[in-house]
Amino acid sequence: MKIEWAPIKMPPRRRLQTLATSLYVYIVLFLPFMSTFLTLFFLFYLSFMGRAVLLLYLAFIYYDHTIHFSNIYGNGWLPLRNNFLTKHMRDYFPIELIKTTELKPNRNYILACFPHGVIGTGVTNNMGNSIGKWLKLFPGVRPKIATLDMHFYVPFLREILRFWGLISCSKESLIYYLTKSNDPDHSDNKDGFTSNAVALLVGGAQESLDSHPRHYVLTLKNRQGFVKIAIRTGSAIVPSFSFGEVDIYDQVNNPSDSWLRRFQLFIKELTGVSPVIVIGRGFFQYNFGFIPHRRQIVQVVGSPIEVKQTFDPDPQYVDEIHQQVIKALKDMFEKYKHKYIENADHVHLVIN
């Protein structure tokens, strides 16, 4: 295989974009493992006093997450969510955010986001570590992304996720954030925001296994948990679709009947994480590596789907709302695909 090298004469701006994106990707992909390794290393090799402090920290993490769901005030640490590097990372692809309707800051929302892709780059940037555009388009609405609950029990990793405004995807955590007061005078809203918008990558690890360029395969037919949460909390469901999310990475071919897919599903059942073998690019060449390709990602935020609040949702009503979400996503895909996908006539939406 002939290696395609990056040009030597490259504008410094593009080099900075690649550097910022590579830092982000390596943090997302490897920080959970590094954090776990460091915790074990310190437990074995710190002094007695150091181990005691670490054990106290672990006990605090368990208590804080169990009682307060690792809550962090407001929008987290804004310098980490909007800075020089996050701007260059957004410009690398580039990543866009499209508003189709108002999200009034007098209620809370669940954003049902698709597709997951390999690492959910579009949503993670727009609502996680580069939220400037979101704050302009949706004033008063805090963007929060729900991720795996187990991440909040891991030292070091937990703190970075909290500073990025991420929260646990556990049912208890989602209910906690989606029932927060919308009263401007409430003590929780002293930051000037009165609403929480919680983004759920509904397809999760399962959907990431189907992420290949120009293949929009959603895992949704049997995913109704987010609808039940919305009904219990009275939160509107906002469908969101990220065009181009599946194009930034390829992965080793893994058809549903292959041994690789069976192995990936086995690991996913054990850990909750899909071991996707990605094919990206490197810093100085374009053939292989963990850095995503420069492909535009456009996250379109749709119109809220209203629900009637009840603490014991009727299965028939849950299915009715679920079908509305599916229809909204199909309509959104057909409406915007010719604008954001090349040769869109040959690209179709599949919902499993």
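Helices (H or I, at least four residues) and strands (E, at least two) are DSSP runs, numbered from the N terminus. The structure is a predicted model, in which local features need pLDDT of at least 70 and side-chain atom pairs count only at pLDDT 80 or more, while totals for chains, interfaces and linings use all residues. Residues are numbered from 1 along each chain as its sequence is written, and side-chain values use heavy atoms, with hydrogens and water left out.

View 1. Helix α12 covers residues 315–340, 26 residues in total. From its first C-alpha to its last the helix reaches 36 Å, close to the 38 Å expected at 1.5 Å a residue; the expected span is 1.5 Å times one less than the number of residues. At Glu-334, α12 bends by about 30 degrees, the bend being the angle between axes fitted to the seven residues ending there and the seven starting there. Buried residues of α12 include Tyr-317, Val-318, Ile-321, His-322 and Val-325. Further along, Ile-326, Leu-329, Met-332, Phe-333, Tyr-336 and Lys-337 are also buried. Here buried means under 20% relative accessible area, exposed over 50%, and partly exposed in between (1.4 Å probe, protein chains only).

View 2. A salt bridge is a side-chain nitrogen of Lys or Arg within 4 Å of a carboxyl oxygen of Asp or Glu, and the structure holds 13 of them. One joins Asp-64 to Arg-158, with 2.4 Å between the closest N and O atoms. This pair links distant parts of the chain, since Asp-64 sits in helix α2 and Arg-158 in helix α7, 94 residues apart. Both Asp-64 and Arg-158 are buried. Arg-162 and Glu-159 form another salt bridge, their closest N and O atoms being 3.0 Å apart. These two residues are separated by about one helical turn because they are 3 residues apart in helix α7. Arg-162 and Glu-159 are both buried. Through shared partners, salt bridges join Asp-64, Arg-158, Glu-159 and Arg-162 into one network.

View 3. The side chains of Glu-306 and Arg-107 meet in a salt bridge with an N to O distance of 2.4 Å. Glu-306 lies in the loop between β10 and α12, and Arg-107 in the loop between β1 and β2; the pair links distant parts of the chain, 199 residues apart. Glu-306 is partly exposed, at 47% relative accessibility. Thr-310 also lies in the loop between β10 (297–301) and α12. Its relative accessibility is 30%, so Thr-310 counts as partly exposed.

**View 4. A nonpolar surface patch.** Phe-37, Leu-38, Leu-40, Phe-41, Phe-44, Tyr-45 and Phe-156 form a nonpolar patch on the surface, with about 760 Å² of accessible area together. Patches are made of residues with over 30% relative accessible area and no salt bridge: like charges are joined within 9 Å, nonpolar side chains (Val, Leu, Ile, Met, Phe, Trp, Tyr) within 5 Å. Accessible areas come from the Shrake-Rupley method with a 1.4 Å probe, and for residues only the protein chains shown count as cover. Leu-40 belongs to helix α1 (residues 12–45) and is partly exposed at 43% relative accessibility. Phe-156 is located in the loop between β3 (141–147) and α7 (157–163), where it is partly exposed at 31%.

View 5. Most residues other than glycine have a negative phi, and most peptide bonds are trans. Phe-156 has a positive phi, near 70 degrees. Ser-70 likewise has a positive phi, near 55 degrees; this residue lies in the loop between α2 (48–68) and α3 and is buried, with a relative accessible area of 2%. A cis peptide bond joins Phe-93 and Pro-94, with omega about -5 degrees. Pro-94 is in the loop between α4 (84–92) and β1 (95–99). Phe-114 and Pro-115 are also joined by a cis peptide bond, with omega about -20 degrees. Pro-115 is in the loop between β2 (109–114) and α5 (121–129).

**View 6. Cys-113 and Cys-169.** A disulfide is a pair of cysteine sulfur atoms within 2.5 Å; by this rule the count is 0 disulfides. The sulfur of Cys-113 is 13 Å from the closest cysteine sulfur, that of Cys-169, which is too far for a bond. Cys-113 is buried at 0% relative accessibility, whereas Cys-169 is partly exposed at 33% relative accessible area.
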